[in-house]
Number of protein chains: 2
Amino acid sequence: MAGFSVVTLQRLIEQFERLPGIGHKSAQRLAFHVLNMKKEDAEAFSKIILEAHEKIKKCSCCCNLAEEELCPICKSSKRDSSVVCVVEDPRDVMAFERTHEFEGTYHVLHGVISPMNGIGPEDITIKELLARMGDGKIQEVIMATNPTVEGEATAMYISRLLKPMGVSVSRLAYGVPVGADLEYADEVTLTRALEGRRMI
Amino acid sequence: MAGFSVVTLQRLIEQFERLPGIGHKSAQRLAFHVLNMKKEDAEAFSKIILEAHEKIKKCSCCCNLAEEELCPICKSSKRDSSVVCVVEDPRDVMAFERTHEFEGTYHVLHGVISPMNGIGPEDITIKELLARMGDGKIQEVIMATNPTVEGEATAMYISRLLKPMGVSVSRLAYGVPVGADLEYADEVTLTRALEGRRMI
C-alpha cells in the first residue's frame with residue numbers, strides 16, 4: 001500500500017485473511033481490534049493459539065480432540081461404550097452433546113471419503129474404528145456422517161465393513177427439520193420424510 | 001459443554017468470540033482452523049499478534065500507526081506538509097492512500113468527540129494537532145471525519161479552534177457516491193448533492 005507501510009500491521013492483516021470466511025475488510029477490522037487490545041489480552045490470545053496446538057491431540061480411542069490420552073467421553077464410566085456414533089468432525093460431537101440425549105460414545109472420522117478431493121478410506125480414521133471392534137464389546141454403530149453425497153457414501157462404505165462383524169449398523173433418520181417450513185423443504189428431503197413416516 | 005470439555009479448545013474459541021463480528025459458530029470454525037494449521041503457521045500467527053502489539057506505536061507527528069518515531073508519510077520528503085487531512089482512524093488513512101491522489105499529510109484523531117460514549121475533546125488527538133500548528137507551516141486543514149453526527153460535530157469543534165490561527169479549514173464534499181443508484185440515495189445525501197451542485 002503506497003506510502004502506508006506498517007509492515008507488521010500488514011502481516012497481521014494477512015494472517016487474519018488466511019482464516020476461513022475472513023475477507024480483506026474483516027481482516028483489517030480484526031487486526032485493528034487486536035492492536036487496540038490490552039497488552040495482557042493480546043498475550044493471552046497469542047498464547048492460547050500455541051497452547052491449543054501443543055496440548056490438543058486425538059483421543060487414542062475415538063479420535064476426538066482430547067488433552068489427555070483419552071477424551072472425557074471415552075474416559076467416563078457413565079457412557080455406554082457398546083454404542084458408537086460415527087461422525088465426521090469434532091464439531092459434530094459438540095452438536096450431539098448439546099442434545100444431552102445420547103449416552104453412547106463417538107468415533108470421529110476427521111473427514112469423509114471423497115475421491116474428488118483425493119481422500120480415500122485410509123485418510124480418515126476407519127482403521128481406528130475397526131480396531132475398536134476387536135474386543136466384541138461394541139453392539140451398535142450409528143452412522144452420523146453428514147446427509148451429503150460424500151457423507152452417505154462414507155456411511156455405506158463403513159457399514160459394509162462392519163456388518164460382517166455382527167454389529168448392528170444404523171443411520172440417522174432423514175426428514176423435515178423440526179421448526180422448518182414445509183413450503184421451503186427440498187424435494188429430496190420431503191421424499192425421505194414421506195418414506196420414513198411413522199404411525200402415530 | 002457437558003461431556004466434551006477440551007478446556008484449551010474452549011478457551012481458544014472464547015478468544016475468537018471476543019473479536020468484533022465473530023459469533024459462536026464462526027469462533028468455533030476459526031478455532032478448528034487454527035488447530036488444523038501447520039505448526040509453523042500457528043507459531044507465526046501467535047507471534048505476529050504479540051509483535052504487532054510491541055512494535056506498532058503512534059507516529060509522534062500525525063498519530064497514525066508507525067513502527068518508528070515517524071510514520072512513512074510524515075517522514076517522506078515527497079509529501080506536502082503544509083496540507084493536513086484530519087481523519088478519525090488509521091483505516092481512513094489507508095482509504096485515502098488508495099486513491100493515490102492526496103499528496104499532503106494526515107492527522108489521525110483516533111476517535112471522535114462523543115459525549116454519549118464519554119469521549120471528550122481531550123480523549124482524541126486534538127492537542128497533538130494544535131501542537132503541529134505551532135510553527136505556522138501548515139496552511140490548509142481538510143476535515144475528513146466521517147459524515148456522521150459525531151464526525152460532523154468533531155469537525156466543527158476542531159475548525160473553530162483552528163480558524164483563529166489563520167489556517168484555512170475545509171470539509172470533504174457531500175454528495176452522491178460515484179456509481180451509486182440515485183433511486184436508493186437517502187434524502188439527506190440528495191439534498192446535500194443538490195446544494196453542492198457545480199456548473200459544468
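1. Chain A of this predicted model holds an open sheet of four strands, ordered β4-β3-β5-β6 and paired in parallel. Strands are DSSP runs of E of at least two residues, helices are runs of H or I of at least four, and both are numbered from the N terminus; two strands pair if DSSP finds at least two bridges between them. At the edges stand β4 (104–108) and β6 (168–171) of chain A, each with a single partner strand, so one side of each has no neighbour in the sheet. From one strand to the next the twist averages 25°; angles run from 0 to 180 degrees between N-to-C directions, and axes are lines fitted to C-alpha atoms, for helices over the stretch in contact.

2. Within chain A, strands β3 (residues 80–87) and β5 (residues 140–143) run parallel and are joined by four bridges. Val83(A) has Glu140(A) of β5(A) as its bridge partner.

3. Two helices of chain A lie across strands of chain A. Helix α6 (residues 126–133) lies across β3, β4 and β5, at about 145° to β4(A). Helix α7 (residues 149–162) lies across β3, β5 and β6, at about 170° to β6(A).

4. A rotation of 180° with 0.0 Å of shift along its axis superposes chain A on chain B, with an RMSD of 0.1 Å. The two copies are thus related as by a two-fold rotation axis. In chain A, the C-alpha of Ser46(A) is the nearest to the axis, 2.2 Å from it. Superposition is by least squares on C-alpha atoms of residues with pLDDT of at least 70 in both copies.

5. Between the chains, helix α2 (residues 24–36) of chain A packs with helix α5 (residues 90–99) of chain B at an angle of about 145°, their axes 11 Å apart. The contact (heavy atoms within 4.5 Å) involves Lys25(A), Gln28(A), Arg29(A) and Phe32(A) of α2(A), and Pro90(B), Arg91(B), Met94(B) and Arg98(B) of α5(B). By class, three of these residues are nonpolar, one is polar and four are charged. Ala, Val, Leu, Ile, Met, Phe, Trp, Tyr, Cys and Pro count as nonpolar, Asp, Glu, Lys and Arg as charged, and the others, Gly among them, as polar.

6. On conventions, residues are numbered from 1 along each chain as its sequence is written, and chains are lettered from A and ligands numbered from 1 in the order written. Local features need pLDDT of at least 70 and side-chain atom pairs 80 or more, while totals for chains, interfaces and linings use all residues; side-chain values use heavy atoms, without hydrogens and water.
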